[in-house]
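Colleague: I am new to reading protein models, and I would like to go through this one feature by feature. Could we take each idea in general terms and then look at the case at hand?

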Amino acid sequence: MAQKYCPREIERKWQDRWAAEHLYEVRDDDSRPKFYALTMFPYTSGDLHIGHWYAMAPSDVYARFKRMQGYNTLHPMGFDAFGLPAENAAISHGIHPYQWTMRNIENMRRQLKRIGAIYDWSREGGTCLPDYYKWTQWFFLKLYQAGLAYRAKAPVNWCSECQTVLANEQVIEDGLCERCDTPVTKKELEQWFFRITKYAEELLRYSRVDWPEHIKIMQTNWIGKSKGAEVSFWLEHEGVDQKEVRVFTTRPDTILGVTFFILAPEHPLVCQLTVPARKAEVDEYVAWCRRQTEYERVALGREKTGVFLGSYVVNPLSGERVPIWIADYVLPSYGTGAIMGVPAHDGRDLEFARKFNLPVRVVIAPVDWSGPELTEAYAGSGTMVNSGEFNGLPSEQGSEAICALLEEKGWGKRAVTYHLRDWLVSRQRYWGAPIPIIHCDKCGMVPVPEEDLPVLLPADAEFRPTGESPLKYCQSFVNSACPRCGGSARRETDTMDTFVCSSWYFLRYTSPGTKDAPFDAAKMRSWLPVDLYSGGAEHAVMHLLYARFFTKALRDMGLVDFDEPFSRLVNQGTIIYHSDKMSKSRGNVVAPDEYVAELGADAVRGYLMFIGPWELGGEWNDRGIVGVSRWLNRVWSLITTDYAGRAVDPEADKELLHLLHKTIKKVTIDLENFRFNTMLASLMEFTNYLSRVRERGVVADPLWHETIRCLLLLIAPAAPHLAEELWTTRGHPYSIHNQLWPEYDEEMASEEEITLAIQVNGKLRDKVLVPASISETEAKDLALGRDRVKAYIDGKKLNRVIYVPKRVVNIVVAPL
RNA sequence: GCCGAAGUGGCGGAACGGCAGACGCGCUACGUUCAGGGCGUAGUGUCCUUAAGGACGUGAGGGUUCAAAUCCCUCCUUCGGCACCA
């Protein structure tokens with residue numbers, strides 16, 4: 001009897017040898033077709049948890065599968081290393097963010113190596129290293145030069161006690177500051193933006209990508225394209241220079257139903273349009289709004305609030321004066337920050353009108369409408385009424401007619417609006433890539449010259465618990481010379497959103513050592529775009545949209561030659577623990593280390609594949625992990641026990657060959673479709689079958705050995721250590737991971753006999769084993785002749801007989 | 001609230017218009033030169049039945065179809081995202 005399966009020993013042995021012999025290092029000058037399989041890099045939170053393994057183990061299995069299929073496969077790994085938690089650690093534990101992050105990287109790299117993946121560590125990258133963020137800054141300058149980076153005022157979370165900007169995460173329940181429980185308000189600050197909205201239209205197109213439908217839908221809804229019109233309402237307000245205020249509407253056909261007008265509380269005209277008598281109330285309301293989060297504000301079920309400014313606008317179409325209100329459900333960031341109130345045809349407007357006793361005027365009549373007031377807002381199409389010259393027109397035509405009139409008179413125009421807002425990239429923090437801009441009193445904003453990059457983060461910054469950016473008080477950093485006039489100047493102290501760093505990391509892996517450019521152009525061209533990108537569903541919108549935007553911007557600068565960064569995308573589901581996404585910041589992580597120590601990395605990899613469909617994720621539990629471990633043990637003993645064909649039977653050979661090809665086919669197709677759970681189930685079934693064959697010794701020795709060889713190749717991506725060990729002990733040349741994937745013969749994989757189900761009126765009444773080649777007539781006759789069936793159809797009227805090839809005969813009968 | 005996804009045995013799940021419960025966990029029984037949480041064999045949705053067999057059964061309710069876990073509508077629950085966590 002051979003020795004026992006001891007994963008600890010063999011996993012360490014092979015990981016060491018693979019590393020020592022650079023088995024997984026990828027060459028750029030390989031003649032085989034390339035495959036770029038990328039898994040989203042982890043944030044350097046400190047420890048790798050089960051959620052990370054869930055993302056990484058199955059994607060490694062897929063990359064290994066592609067490698068065995070003969071592709072030169074690049075499967076790199078790195079670290080998303082800038083961000084808020086490092087700074088929090090600096091404040092609470094007195095450790096510098098750099099130290100904290102590098103220590104975490106070291107630990108995570110060690111843990112990652114235990115997965116047994118084919119990561120090419122010679123290409124590892126980290127976004128917080130000057131060699132990397134130099135190029136993040138370089139891209140910022142490129143975007144700035146291209147007019148895609150600009151500065152503008154924007155509201156931020158502000159704690160008046162700490163005198164600091166807060167991340168959304170630092171605002172705790174009820175809108176309080178996590179540090180001092182002071183109510184958080186909004187404050188307007190100069191911020192940096194990337195003009196992602198310039199690409200809104202192109203970002204809606206997915207013809208060049210193979211992405212899951214639901215991800216495309218989420219992005220499409222996030223971009224939120226609406227067609228309609230911009231309309232000017234006239235202002236006749238003493239002391240106000242502006243003579244009009246614009247709204248965006250998707251329903252120009254309802255302009256004659258306007259009975260009030262609402263500005264966002266943050267709208268620049270609010271102050272000027274408020275009459276003195278109402279100023280106090282308006283100010284109080286605006287202050288209250290600044291404490292609301294955006295999605296509190298737009299929540300549909302919420303009771304409507306608002307304040308009348310005391311002034312009016314004139315509807316250009318009717319000449320009618322309507323009152324101007326402010327209300328929190330009108331957002332400054334969408335459209336023009338102003339809406340026309342049409343209570344008859346918008347649910348929110350109707351609620352508002354009812355709350356404040358404003359008139360409701362029906363202008364679009366639903367079918368069968370006879371004139372009474374509507375009980376709820378009618379947002380559909382219909383016939384125009386109460387609309388003067390437009391009466392009687394279907395609303396779609398009316399919309400066109402009104403747009404034409406608006407354009408003719410110069411009162412408005414057809415317009416398209418997007419929900420997508422420009423990307424706010426500046427952060428008032430230390431631990432990010434500094435924005436490479438210098439502020440000079442004489443020259444204004446001056447970009448840092450390329451040759452002066454990187455703008456290094458100062459090592460001597462102080463981390464005080466005020467929450468204010470340490471860069472602001474770091475004189476050695478702030479004080480600088482203007483690159484243009486040489487005079488004294490101040491450095492920009494904002495750093496970049498970490499999503500900027502992660503918008504181009506996939507380019508750097510192709511040529512990580514490149515000194516004079518973010519990447520080597522030829523190597524980038526040979527590897528990109530990424531063939532398969534996998535990662536958490538939580539990145540469905542933001543990260544993926546930002547990376548797409550970045551790619552398109554780079555393309556327009558001539559830096560890359562493709563339109564989409566990720567040709568194919570797969571989102572694995574989220575691992576939940578205690579009813580919450582497993583993550584360090586939520587404090588509900590489960591470490592894989594103990595499982596790995598006890599059962600081995602192969603068992604943990606296998607279990608994560610086996611627990612269910614990869615794209616679903618689910619609540620973590622370890623019941624059942626022993627099932628995979630036992631299977632690996634069964635494989636071990638199946639293969640390490642000598643085989644002897646004592647009772648060789650040609651029929652058994654035939655059956656084995658059929659099941660072998662059927663299994664190769666199933667495993668291949670399941671892998672191609674990321675169905676790791678059913679792939680493993682079919683390998684288990686085949687293993688169980690082989691155990692019975694071995695007991696009986698019914699197949700010839702050469703066939704047995706060939707079958708075992710194929711089985712090991714099929715197992716190799718899932719359990720790379722076990723497969724390597726058994727492969728070499730059976731005398732095959734090192735390494736199994738350089739072998740080609742087994743092929744299957746379609747004919748051998750197909751069934752010769754099938755079980756036909758026989759139903760009467762849709763209920764299963766009998767089953768019969770028949771040759772797969774059975775004809776429709778034969779099948780129907782056979783079914784009608786079965787004794788079991790006769791009992792249900794005798795004395796009844798035969799209505800029809802339905803035959804589904806190779807599956808079912810359904811006999812439909814009715815009482816006579 | 002809005003956008004997206006998911007609800008199937010005691011548990012993870014399979015089937016994705018055609019035999020509901022593959023594979024595995026757990027449990028039960030038996031066996032084992034079995035120290036063990038080891039290995040092997042058999043059984044295991046619920047109810048009725050000695051059995052053969054039958055009835056019911058995929059979150060709830062309705063619909064389409066010869067046939068629905070699967071398609072459509074309404075609702076409920078859970079999870080992810082909602083623009084400064086990453």
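Colleague: What does the cover over the buried residues of helix H4 include?

Modeller: That cover includes helix H2 (50–68), strand S3 (78–79), helix H3 (84–93) and helix H18 (593–599), where contact means heavy atoms within 4.5 Å. Helices (H or I, at least four residues) and strands (E, at least two) are DSSP runs, numbered from the N terminus. This is a predicted model, in which local features need pLDDT of at least 70, side-chain atom pairs count only at pLDDT 80 or more, and totals for chains, interfaces and linings use all residues. Residues are numbered from 1 along each chain as its sequence is written, chains are lettered from A and ligands numbered from 1 in the order in which they are written, and side-chain values use heavy atoms, with hydrogens and water left out.

Colleague: Which residues of H4 are buried?

Modeller: Buried means under 20% relative accessible area, exposed over 50%, and partly exposed in between (1.4 Å probe, protein chains only). In H4 the buried residues are Pro97, Trp100, Thr101, Asn104, Ile105, Asn107, Met108, Gln111 and Leu112.

Colleague: How many disulfides does a search of the whole structure find?

Modeller: A disulfide is a covalent bond between the sulfur atoms of two cysteines. Here it is taken as a pair of cysteine sulfur atoms within 2.5 Å, and a search of the whole structure finds 0. Cysteine 180, for instance, has its closest cysteine sulfur in cysteine 159, at 3.5 Å, which is too far for a bond. Cysteine 482 is in no disulfide either, since the nearest cysteine sulfur, that of cysteine 440, is 3.6 Å away.

Colleague: Are cysteine 180 and cysteine 482 buried or partly exposed?

Modeller: Cysteine 180 counts as partly exposed because its relative accessibility is 28%, whereas cysteine 482 is buried, with a relative accessible area of 3%.

Colleague: Which way do the residues of strand S21 point?

Modeller: In a regular strand the side chains alternate between the two faces of the sheet. In S21 (residues 437–440), Ile437 and His439 point one way while Ile438 and Cys440 point the other way, and all are buried.

Colleague: Which strands pair with S21?

Modeller: Two strands pair if DSSP finds at least two bridges between them. S21 runs antiparallel to strand S22 (residues 444–447), to which 4 bridges join it, and these strands form a hairpin with 3 residues between them. Histidine 439 stands opposite methionine 445 in S22. S21 also pairs in the antiparallel sense with strand S24 (residues 488–491), over 2 bridges, and there isoleucine 438 stands opposite arginine 491.
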